[in-house]
Amino acid sequence: MINLTINGKAIQAPEGATILEAARANGIDIPTLCYDKAVEIYGACGLCVVEAEGIPKLLRSCSAKCTEGMVINTESERVVQSRKIAMELLMSAHDGDCVAPCQLNCPARTDCQGYVGLIANGEYDSAIKLIKNKIPLPV
């Protein structure tokens, strides 16, 4: 077993384990998409980066192996900022598959769910404003 520290917590990990595996085995959460069982494997999402003392670059915890005495920080400002950038890059290629089918099929791409919900709540003026965001002269 290898001794290391993650976020100030002394833990042990099997030799050859990745930082992500060691963290998960000890109840320490490191965000990731490419190793999340709920989503299809993406590969190299960049969200699982961590900072290791004595190593100038951030490490991907899904591939970096634990070493004896390693000191890892998963929550530093540098790590958080890097994860934010990685998420922005992932979202920049987002195909919009979470948009409702009615909006995807609307020629003007109006927020159908939004204005129907506003009408259902009696917010007629807000519904008209929402429609006019995409269609300036609705018929």
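These legends accompany close-up views of a predicted model of one protein chain.

**View 1. Fold of the protein chain.** The chain contains five helices and five strands. Starting at the N terminus, the order is β-β-α-β-β-β-α-α-α-α.

**View 2. Surface and interior of the protein chain.** The chain has 139 residues, and 32% of them count as buried.

**View 3. T110 between two helices.** T110 sits in a loop. This loop links α3 (101–105) to α4 (112–120). Is T110 buried or exposed? T110 counts as buried because its relative accessibility is 3%, and the cut-off for buried is under 20%.

**View 4. Contacts of T110.** Which residues does T110 touch, leaving aside those up to four places away in sequence? The partners are Q103, Y115, I131, K134 and I135.

**View 5. Confidence along the protein chain.** The mean pLDDT of the chain is 84. A score of at least 70 is reached by 88% of the residues. Among the elements, strand β5 (residues 71–73) has the highest mean pLDDT, 95. The lowest mean, 78, belongs to α3.

Methods. Residues numbered from 1 in each chain as written. Predicted model: local features only at pLDDT ≥ 70, side-chain atom pairs only at ≥ 80, totals over all residues. Heavy atoms only, no water. Helix = DSSP H or I, 4+ residues; strand = E, 2+ residues; numbered from the N terminus. Buried < 20%, exposed > 50% of the residue type's maximum accessible area, 1.4 Å probe, protein only. Contact = heavy atoms within 4.5 Å. pLDDT = per-residue confidence, 0-100.
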